[in-house]
Every structure is written in structure tokens, then in C-alpha cells.
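Here are some notes for a colleague going through the model.

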Amino acid sequence: ITYADQVRRDGITPLQALRQFLLDFGLQGLVNTVHLLPFYPYSSDDGFSVIDYLQVDPEVGNWQDVDDLGESFQLMFDLVLNHISQHSEWFQAYLRGDSPQDRYFIEVDPQTDTSAVTRPRSLPLLTPFETSRGQRYVWTTFSDDQIDLNYSDPAVLLEMVRVLLEYVSHGARIIRLDAVAYLWKELGTSCIHLPQTHEVVKLLRDVLQVVAPQTLILTETNVPHAENVSYFGQGDEAQMVYQFSLPPLLLDAVVNADASILSNWLAGLELPADTMTYFNFTASHDGIGVRPLEGLVATERLQRLVEWVRERGGRVSTRRQSGL
């Protein structure tokens with residue numbers, strides 16, 4: 001897993017330098033898949049506020065560089081399907097009132113009760129923007145630069161299927177569905193893990209089964225274990241889900257010099273079928289999420305872990321729970 005500009009060499013693009021680095025150090029036989037974190041033009045969040053899904057950031061290279069990397073390694077791409085940058089042409093067209101982009105985003109009256117909505121971050125859910133029709137408040141789950149897409153408009157879903165197929169055409173072996181749990185919004189609900197969200201995952205799986213059955217779906221849902229594994233569906237959603245409880249349980253074991261909780265949890269893990277698997281990891285670009293510890297460790301032990309990190313200068317982010 002790497003950023004597209006993590007390796008550099010004079011005279012060539014970062015993507016070319018990455019490929020050369022991997023080959024020069026003989027990693028072709030040790031690493032079978034390279035996960036390129038978002039390599040598209042972006043405006044914030046280390047690439048996860050995408051300006052143009054279908055372009056490679058010229059600062060890191062071009063599609064030919066990606067294709068060349070794919071000749072030596074399998075590739076994993078992020079499909080950042082919950083939101084798009086406010087600097088994208090889609091959102092700029094929305095601000096102008098152009099069709100069909102005027103339906104691509106979710107407007108909400110700021111007086112609306114949104115207290116039931118589950119929040120991953122302690123930031124405002126709605127952000128005001130000046131449009132050709134006056135001030136409008138739009139749904140922004142993660143930040144004011146990341147504008148949530150309106151999947152109740154079929155045109156948005158079709159656009160994202162087009163993006164998915166473009167990634168497949170450039171050799172994506174694994175498609176990571178970023179922040180997919182928040183995809184569908186329905187006021188009066190928690191707006192997380194809604195049935196419509198699962199149906200979208202099933203649809204993307206169906207599309208891939210027809211055009212690229214070798215391409216796998218990996219869902220990124222940083223939530224407690226039971227919620228996380230729901231994205232296996234009945235064998236008709238993701239083939240892989242991130243094992244989000246593993247990183248904080250590893251850290252908990254180190255901090256407390258006690259691996260009993262980790263060991264007991266591992267002993268009880270089961271896969272629904274042999275066509276599915278967990279994606280094990282120890283940390284991500286977001287750090288180590290502790291919400292997946294819910295139900296696994298006592299509240300006091302979780303708080304001790306948080307304080308241990310703070311005492312050592314670590315950063316701790318928070319989220320706003322629904323109803324608060």
C-alpha cells in the first residue's frame with residue numbers, strides 16, 4: 001500500500017520511480033499486489049477528496065505509468081464513491097445550476113432534524129454554498145471539501161459504474177470501496193449500512209461478475225465487527241472486508257502486555273464461506289480506528305488506550321454520535 005508519489009527519482013515520474021524501485025529491489029516475487037492510494041487530482045484528505053475520478057494527477061504521472069506498473073504487479077485502486085471534491089467539475093456545475101449535476105448532490109434545510117445521522121467525524125453535517133439559486137446547504141459527511149453524492153439519482157450510480165469500469169480497464173484487480181457504509185442517505189435514519197447501500201454493493205459486484213470476474217471488491221467500513229462483516233452479504237457483496245478490529249486489538253495487547261482478548265477474538269473468527277476472506281492490516285492512512293473495539297474491550301480499557309496514545313504525543317480524533 002503506497003501513495004503514488006512516495007518514491008521519487010530525478011528525471012522520471014513518481015509512478016515510474018515506484019515501479020523501478022519495486023523491480024530494482026526484487027519485490028516482484030514477494031509482493032503480488034500494489035495498492036495505489038488515490039492517484040487522481042485531489043484537493044484535500046491525502047487524495048480522498050477527488051477532483052476528477054478519471055484522470056491521473058499529472059504530478060505523479062499518467063495512465064500509461066499505471067498500466068506499466070500493472071504489467072509487473074496486480075493493482076488495487078480506491079473507488080471514492082461516497083463523495084467528491086467541491087473543486088470537481090461536477091460540483092462546480094451544480095453551483096451553476098447545470099443539468100444533470102444539479103441533482104448530483106443532497107440539499108437539506110438547515111432547520112431539519114439530522115440528529116439520528118451517524119457521524120464519523122465531529123464536523124458539521126451540512127455546509128452552506130452560494131449557488132445560482134441562492135445559498136444552499138449540502139450534505140458533507142467527512143468535511144466541507146468532500147461533498148456527498150446523491151445516489152437516489154440513477155445518473156450518479158451510472159457515472160460511478162463508468163468510473164469502476166475505467167479502473168478495471170487499467171488493470172484493477174481489487175477495487176476498494178471507500179467509506180461505502182455512508183453511501184445512502186435517508187433523513188430520519190442513521191444513514192449508515194442502509195439496505196440501499198448494500199444493494200449498490202451487490203450491483204457493483206454483479207457488474208464485475210459480467211465484465212471482469214477476476215476483479216474483487218473490498219469494502220472499507222471502520223465499524224464494529226458485526227457491522228463490518230455484513231458487507232459479505234449472502235456471498236453476493238464484497239469478497240473481502242477489512243479486518244478493522246485487528247489493529248486496535250494489537251495495540252491494546254501491546255499497551256496492556258496482555259494478548260488474551262486478541263487471542264480469544266482470533267479463536268472465534270469464522271468466515272461465512274470459502275469464497276470470502278478478511279483483509280488483515282495493522283494500520284491505514286487514517287491511523288488506527290478504535291470504534292471496532294466496541295463490545296470487545298471494557299470502556300475503561302478503551303479509555304486507557306486512548307490516554308496512552310495522547311501521553312506519547314499521538315493524535316486522537318473524535319466523532320459525533322447520533323442523537324448528541
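Does E227 count as buried, partly exposed or exposed?

1. The model is a predicted one. In it, E227 counts as partly exposed, because its relative accessibility is 25% and the buried class ends at under 20%. The side chain of E227 meets that of R291 in a salt bridge, with 3.5 Å from N to O. This pair links distant parts of the chain, 64 residues apart: E227 belongs to helix 6 (225–228), whereas R291 sits in the loop between strand 10 (277–279) and helix 9 (299–311). R291 has a relative accessibility of 18% and therefore counts as buried.

2. A second salt bridge to check is that of D236 with K202, where the closest N and O atoms are 3.9 Å apart. D236 is partly exposed, with a relative accessible area of 28%. K202 also counts as partly exposed, at 21% relative accessibility.

3. R176 and D178 form a salt bridge whose closest N and O atoms are 3.1 Å apart. R176 and D178 are both buried. They belong to a network of salt bridges that links D78, R176, D178 and E220. The structure as a whole holds 22 salt bridges.

4. At 7% relative accessibility, A179 counts as buried. H193 is found in the loop between strand 7 and helix 5 as well; its phi is also positive, about 60°, and it is not a glycine either. H193 has a relative accessible area of 17%, so it is buried.

5. There is a cis peptide bond to note, running from S99 to P100, with omega near 5°. P100 is located in the loop between helix 3 and strand 4 (126–131).

6. In soluble globular proteins, nonpolar side chains tend to be buried together. The largest nonpolar core of this model has 71 residues, and F39, Y53 and Y167 are those with the most contacts inside it. Elements that give two or more residues to this core include helix 1 (14–24), helix 2 (63–72), strand 2 (74–79), helix 3 (89–96), helix 4 (154–169), strand 7 (172–177) and helix 5 (195–211). Helix 4 provides the largest share of the core, eight residues.

7. What does Y53 touch, leaving aside its neighbours within four places in sequence? Y53 is in contact with Y40, V80, H83, I84, W90, L149, M160, V163 and Y167 once those neighbours are set aside.

Definitions and conventions:
Residues numbered from 1 in each chain as written. Predicted model: local features only at pLDDT ≥ 70, side-chain atom pairs only at ≥ 80, totals over all residues. Heavy atoms only, no water. Core = buried A, V, L, I, M, F, W, Y, C linked by side-chain atoms within 4.5 Å. Buried < 20%, exposed > 50% of the residue type's maximum accessible area, 1.4 Å probe, protein only. Helix = DSSP H or I, 4+ residues; strand = E, 2+ residues; numbered from the N terminus. Contact = heavy atoms within 4.5 Å. Salt bridge = Lys/Arg side-chain N within 4 Å of Asp/Glu carboxyl O.
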